[in-house]
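Hi,

Here is the structure I promised to pass on.

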Amino acid sequence: MRLKPIVITIIASLLLLTPSAFASDYTLGIFGNANEDDTIDLKDVEYTASIVLGLDDKTQLADAKYDGEIDILDVTHVELIILGREKELTLIDSGDRTVTVNKPVESTVICFPHVLETLRSLKVPMDSIAGIARHYPEYDPGFFPEVSDVPDVGDRWTPDVEVILTIKPDVVIFTALSAYADTTKTVNALESADIRVLCFNLNTLESYPEEVEKLGYVFNRQDDAAEFLNWRENILSSIKERVKNIPEEDRPRVYFEAASKDGSYNIYGKYAYIAMTGGTDIFSDQPGQYMTVDPEAIADRNPEIIVRVDGTAGGYDLNAADTSEIEKARMDVMNRDILQHVSAVREENVHVITVHLLSFFGDSGCRNFLQIPYQAKWFHPELFEDLDPEAIHQEYLTRFQGLDIDLNEKGVFVYPTV
């Protein structure tokens with residue numbers, strides 16, 4: 001039985017022209033990824049054929065057609081996935097749900113801003129966005145100018161199912177988080193009406209690459225996904241490489257304070273990425289994120305650098321010279337009585353970063369990689385003398401978001417500037 005038709009030769013030549021995604025340690029959760037690595041390519045065609053011939057062990061993801069059998073049809077289906085010509089694609093989303101999407105996807109409803117931003121990075125046509133669940137102020141008007149022209153389907157956590165059913169999109173992309181609402185009810189209501197729902201988070205450095213790659217396959221934008229992820233990973237890996245051998249005694253002690261409405265002292269936890277940028281978290285012994293700490297403990301641990309996250313200052317619609325609010329946020333830290341003898345305050349190593357560049361808060365979940373260059377330069381200015389965080393930020397806006405924003409003129413995000 002001949003299991004390697006001529007189309008494989010065509011695929012092989014195409015793969016030579018396709019940029020490969022960066023090396024990663026995750027298994028791409030798409031059925032068709034027979035060898036269970038981080039991509040779908042010619043190796044999966046060959047591995048599936050080997051399974052059919054009884055030469056290799058079966059894997060869950062080898063069932064490309066997701067019909068309970070691994071046979072010649074799966075070999076063909078993997079070939080079609082590589083070419084972007086498959087009629088169906090089955091994947092495991094971030095809610096650990098197995099979903100089969102009909103292809104091509106030409107109409108999408110999105111339920112949180114991270115999705116819109118990610119689809120722009122993948123160069124998905126914006127006229128295919130058929131509805132958006134608005135949740136102000138998450139849609140920064142300076143960053144999402146197209147939002148006002150797209151039909152509103154309600155709140156991101158509890159969108160209006162009836163409105164979505166009227167739109168009849170090919171896919172609804174919903175949150176995989178359930179901290180603020182019972183998302184199961186919404187998902188079940190849509191799927192019972194034969195609307196495909198994909199649940200993603202798109203909000204941490206660690207999980208974002210796989211989610212982007214999956215969306216690249218869903219929207220036939222694998223090359224765009226690879227281009228963006230390679231660019232992003234090159235930035236992060238170059239910083240990791242420089243800081244990995246910094247001795248512990250040369251890593252500044254850092255207090256990273258989360259935004260707070262009631263004036264409490266809250267730590268950002270693992271999402272501050274302090275170690276990644278060459279610092280030592282003075283509260284690394286605390287198990288949680290966004291938890292309140294005793295201000296006396298901050299003074300006792302004497303941080304050399306303080307980073308304050310601000311939830312109200314900054315944004316893309318501000319004049320770049322209008323730093324009054326973010327300066328005020330910095331002075332709030334500098335003037336605290338309890339911190340007057342702390343090294344960071346005495347040496348004026350207090351920095352403010354707005355939620356527009358961090359994970360989890362506001363509209364910035366998938367933009368959080370931009371905080372890393374700023375922090376690296378704050379923590380080790382001499383080591384990163386050649387690093388230009390604003391230039392990286394600008395390239396992201398221009399090259400991947402397609403936004404006409406000049407950061408020399410618009411936008412306030414960090415203070416002092418680097």
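A definition first: two strands pair if DSSP finds at least two bridges between them, and strands (E, at least two residues) and helices (H or I, at least four) are DSSP runs numbered from the N terminus. Bear in mind that this is a predicted model, in which local features need pLDDT of at least 70, side-chain atom pairs count only at pLDDT 80 or more, and totals for chains, interfaces and linings use all residues. Residues are numbered from 1 along each chain as its sequence is written, and side-chain values use heavy atoms, with hydrogens and water left out.

On that basis, β9 (residues 305-310) and β11 (residues 350-354) run parallel, joined by 5 bridges. Ile306 sits opposite Val350 of β11. Both strands belong to an open sheet of 5 strands with mixed pairing, in the order β8-β7-β9-β11-β13. β8 (280-281) and β13 (414-415) are at the edges with a single partner strand each, so one side of each has no neighbour in the sheet. Helix α10 (residues 324-334) lies across β9, β11 and β13, at about 135 degrees to β11 (axes are lines fitted to C-alpha atoms, for helices over the stretch in contact, and angles run from 0 to 180 degrees between N-to-C directions).

Next, the β5/β6 region. These two strands pair in the parallel sense over 5 bridges, with Thr175 opposite Phe200 in β6. Of the 5 residues of β6, 4 are buried, so the strand is largely enclosed by the rest of the structure. Here buried means under 20% relative accessible area, exposed over 50% and partly exposed in between (1.4 Å probe, protein chains only).

The loop between β6 (196-200) and α7 (208-218) holds Asn201. Is Asn201 buried or exposed? Asn201 is buried, at 17% relative accessible area. Beyond its neighbours within four places in sequence, its contacts (heavy atoms within 4.5 Å) are Ser94, Phe112, His114, Thr175, Ala176, Leu177 and Glu211.

In α7, 11 of 11 residues are buried, including Glu210, Glu211, Glu213 and Lys214; Asn220, with a positive phi near 55 degrees, follows the helix. In α4 (residues 113-121), 9 of 9 are buried, among them His114, Glu117 and Arg120. The cover over α4 includes β3 (108-110), β4 (129-132), β5 (171-175), α7, α8 and α13 (389-400). After α4 comes Lys123, whose phi is positive, near 60 degrees.

Now the nonpolar cores, meaning sets of buried Ala, Val, Leu, Ile, Met, Phe, Trp, Tyr and Cys residues joined through side-chain atoms within 4.5 Å. The largest has 87 residues, and Phe228, Leu357, Phe369 and Tyr396 touch the most other members. Helix α8 (residues 222-243) contributes the largest share, 8 residues. Another core of 16 residues lies apart from it, with Ile267, Phe283, Val333 and Met334 among its members.

Last, a helix pair: α2 (residues 42-52) packs on α3 (residues 72-83) at about 175 degrees, with the axes 9 Å apart. That makes the two roughly antiparallel (under 35 degrees counts as roughly parallel, over 145 as roughly antiparallel, 65 to 115 as roughly perpendicular and the rest as oblique). Residues meeting there include Leu42, Val45 and Ala49 from α2 and Ile72, Val75 and Ile82 from α3.

Cheers
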